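Biologist: Could you take me through this model, one feature at a time, with the general idea before the particular case?

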Amino acid sequence: MTKKGRDLQAKAEAGTKLVFTRVKIGDGQGSGTYDELNDLVRPKKDLSINSIKAEGDGLCRIRTHITNIGLEQGLFVYEIGLFAQDPNVGEILYGVTTATTPDYLPPAGGTTLVNHQFDLVIIIGNAMEIHANIETDGYVSKADFDEWTRKIERLIIQSEIDGRVPESNKGTFFDKFDGEPSRLTFLNDSADLTEDVVAGTLTLPIVMTKGTFKPQTEVIIMDDQNQETLMVTAVGDGQITVEQLVHAFKKGATIARSTAVVDKENQAIKFPCWGTYSVGGVN
């Protein structure tokens, strides 16, 4: 960071808006320090700023890109400078990074087309407000483009769902197509009833088929005739205690947190049919 960069950082920590303006590359090999300089030793090309993001711990990430489009002569990139706007003195050289083993940037019109994105991580201290002059005709990486495309698709779908349900019932969706975690958790803990039970029963004999039940959670019990929702009050070995049954249920009845089944192949949610135990033939 240059002296003027440190001065501007101090102003920013006191409340001055910190505005970064551009990035420059050059092929200068300064023998001294950049501390008092207002520009690179040998500036060759301006780079636009694509994005800016506060990283925490007094750091900021500035994304830019380097290209050889329009470059008449190739150069070894020895120096990269970041510029900012000081409200009292105008544009300043905020900070510089240099290379002892520089990369070569070939001229345009040759066999090599360069378009490389890179980040500058800089110190901003406790600056209260940071901004950057973002070029509207700049480049965007494929990764950034794909990410924003997924976010837009998610917003479109969410607005469609919200527009198709009653005002008092907001919708959401389970798909993770955009790479974001789902806001829904699919509960598929389930069990089978191992004996016939009558209405009024409080303890259900079960065998778990998936997951486990927990007290103070709701389950659904269903067979081919009845279905009801129950609160689990206690969980034991091979049994659960529930609220008093309203209906009778047959051996083999399904008890589950959700009776829905996600059909990934057909992209649908289905509800299973009630099943029974297989028994041997009777002589």
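The dialogue below turns to a helix, a sheet and a loop.

Modeller: Please keep in mind throughout that this is a predicted model.

Biologist: Which residues of helix α1 are buried, and why do they line one face of the helix?

Modeller: The general idea is that an α-helix has 3.6 residues a turn, so residues three or four places apart point the same way. In α1, which spans residues 3-13, the buried residues are Gly5, Leu8, Gln9 and Ala12. Viewed down the axis of α1, these buried residues fall within an arc of 105 degrees, so they line one face of the helix.

Biologist: Against which strands do the buried residues of α1 pack, and what follows the helix?

Modeller: Their packing partners are β1 (18-26), β5 (75-86), β6 (90-105) and β7, while the residue that follows α1 is Gly15, with a positive phi near 125 degrees.

Biologist: What is the strand order in the open sheet of 3 strands, and which are its edge strands?

Modeller: The order is β3-β4-β7, with antiparallel pairing; the edge strands, each pairing on one side only, are β3 (49-56) and β7 (115-123). Neighbouring strands of this sheet are turned by 25 degrees against each other on average, direction ignored. Between β3 and β4 (residues 59-67), which run antiparallel, there are 6 bridges, and Lys53 stands opposite Arg61 in β4.

Biologist: Where is Gly211 found, and is it buried or exposed?

Modeller: Gly211 lies in the loop between β10 (203-210) and β11 (217-222). Since exposed means over 50% relative accessible area, the 53% of Gly211 counts as exposed. Gly211 is also 4.5 Å from Asp189, C-alpha to C-alpha, although the two are 22 residues apart in sequence.

Terms used. Residues numbered from 1 in each chain as written. Predicted model: local features only at pLDDT ≥ 70, side-chain atom pairs only at ≥ 80, totals over all residues. Heavy atoms only, no water. Pairing = 2+ DSSP bridges. Helix = DSSP H or I, 4+ residues; strand = E, 2+ residues; numbered from the N terminus. Axes fitted to C-alpha atoms, helices over the stretch in contact; angles between N-to-C directions. Buried < 20%, exposed > 50% of the residue type's maximum accessible area, 1.4 Å probe, protein only. Arc of directions from axis to C-beta. Contact = heavy atoms within 4.5 Å.
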